[in-house]
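Hi there,

Here is the structure I promised to send over. Have a look at it first, and my notes follow below.

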Amino acid sequence: MDFTVALAQIKPKLGCLADNLAIAEAAIEKGIAEGAELIVFPELALTGYFLKDLVPDVALRLDAPELQKLKDLSRHISIAIGLVEVTSDYRFFNTALYLEEGEIRHVHRKVYLPTYGLFDEQRYLARGEHFRAFDSRFGRIGILICEDMWHLSAPYILAMDGATSIICLSSSPGRGISDAEGLGSAGAWQRLTSTTAMFLNCRVFYCNRVGYEDGINFWGGSEVITPSGDVAVRGAILDEDFVLAKVDEGALRRERIFSPMMRDENMMLTVKELRRIERERG
């Protein structure tokens, strides 16, 4: 089906759950007013990113009353949003929720936690253990969180699980400025999202935040990528933005006919060779 997606390129406040919920709810109301049927937020949109010891203070259970307003709003617009989740055994996850028709339809816990350079996620958070596509009113969708996208197997698994749209929630800092290419991290992400969409014949909805935390900036540049790898729309660099794009089902059909990568993919060969490699490594 054709539908309209909104990318809410917001500036969350570090550790301020109530404020960030209000920011998110205002953006959702804007999306509804402008005719969007799906809205995507950045990674950890409800908490901010560099939380460190604040993680337990802002974490929410999936049945937390703070999420009820989002559930109610999802009766009017589907929502993908990031937060810190706490489980009954007091593990904390960098989690993305997909809410639709008044309930949480899918939970993705970030699998690949960067712990290098300026990143320190694995010190404070537990790792997710699954990549799963799920059914939505827009077809099958897969969700990744930032670093997940940089591991080729992650979007591949989602595509082989039937996802025709991949949502990526991100909190990517701006790094590597050069006169020739501009912001290095922006260029790297733009190449990644385009290549992923092209090789997996899928749409990519990438939402990245903006703002500063501890002197580190986040660059934005949220974008909708078509199944051919082309940019349908791209948000501002370094500034808050609200990006709307019409998603054309016909574009997916045409690309899968013209360039049938997923039709010809031999999943069993991939599984067989990975098992061989595992055996040989002992």
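In what order do the six strands of the open sheet with E5 and E16 in it come, and what is the pairing? The order is E5-E4-E3-E2-E1-E16, and the pairing is mixed.

Before going on, please keep in mind that this is a predicted model, where local features need pLDDT of at least 70 and side-chain atom pairs count only at pLDDT 80 or more, while totals for chains, interfaces and linings use all residues. Residues are numbered from 1 along each chain as its sequence is written, and side-chain values use heavy atoms, with hydrogens and water left out.

**The sheet from E5 to E16**

Strands (E, at least two residues) and helices (H or I, at least four) are DSSP runs numbered from the N terminus, and two strands pair if DSSP finds at least two bridges between them. Strand E5 (103-109) and strand E16 (241-247) are the edge strands, each pairing on one side only. On average, neighbouring strands here are turned by 30° against each other, direction ignored; axes are lines fitted to C-alpha atoms, for helices over the stretch in contact, and angles run from 0 to 180 degrees between N-to-C directions. Six bridges link strand E4 (residues 92-100) to E5 in the antiparallel sense, and Leu 99 has Ile 104 in E5 as its bridge partner. Helix H1 (residues 17-33) packs on this sheet and touches strand E1 (3-9), strand E2 (38-40), strand E3 (78-86) and E16, where contact means heavy atoms within 4.5 Å. The direction of H1 makes about 40° with that of E16.

**The sheet from E6 to E15**

Another open sheet of six strands has the order E6-E7-E8-E11-E14-E15, with mixed pairing. Strand E6 (134-136) and strand E15 (231-234) each have a single partner strand, so one side of each is left without a neighbour in the sheet. E6 pairs with strand E7 (residues 139-145) in the antiparallel sense over three bridges. Helix H5 (residues 184-200) lies across E8, strand E11 (203-208), strand E14 (223-225) and E15, at about 25° to E14.

E11 deserves a look of its own. Six of its six residues are buried, so E11 is largely enclosed by the rest of the structure; buried means under 20% relative accessible area, exposed over 50%, and partly exposed in between, with a 1.4 Å probe and protein chains only. Arg 203, Phe 205 and Cys 207 point one way from E11, and Val 204, Tyr 206 and Asn 208 point the other way. E8 and E11 run parallel, joined by six bridges, and Cys 168 stands opposite Tyr 206. E11 and E14 pair in the antiparallel sense over three bridges, with Glu 223 in E14 as the partner of Tyr 206.

**A buried loop residue**

Thr 164 sits in the loop between H4 and E8. Thr 164 counts as buried, because its relative accessibility is 16%. Leaving aside neighbours within four places in sequence, Thr 164 contacts Arg 140, Cys 202, Arg 203, Leu 252 and Arg 256.

Happy to go through any of this with you.

Best wishes
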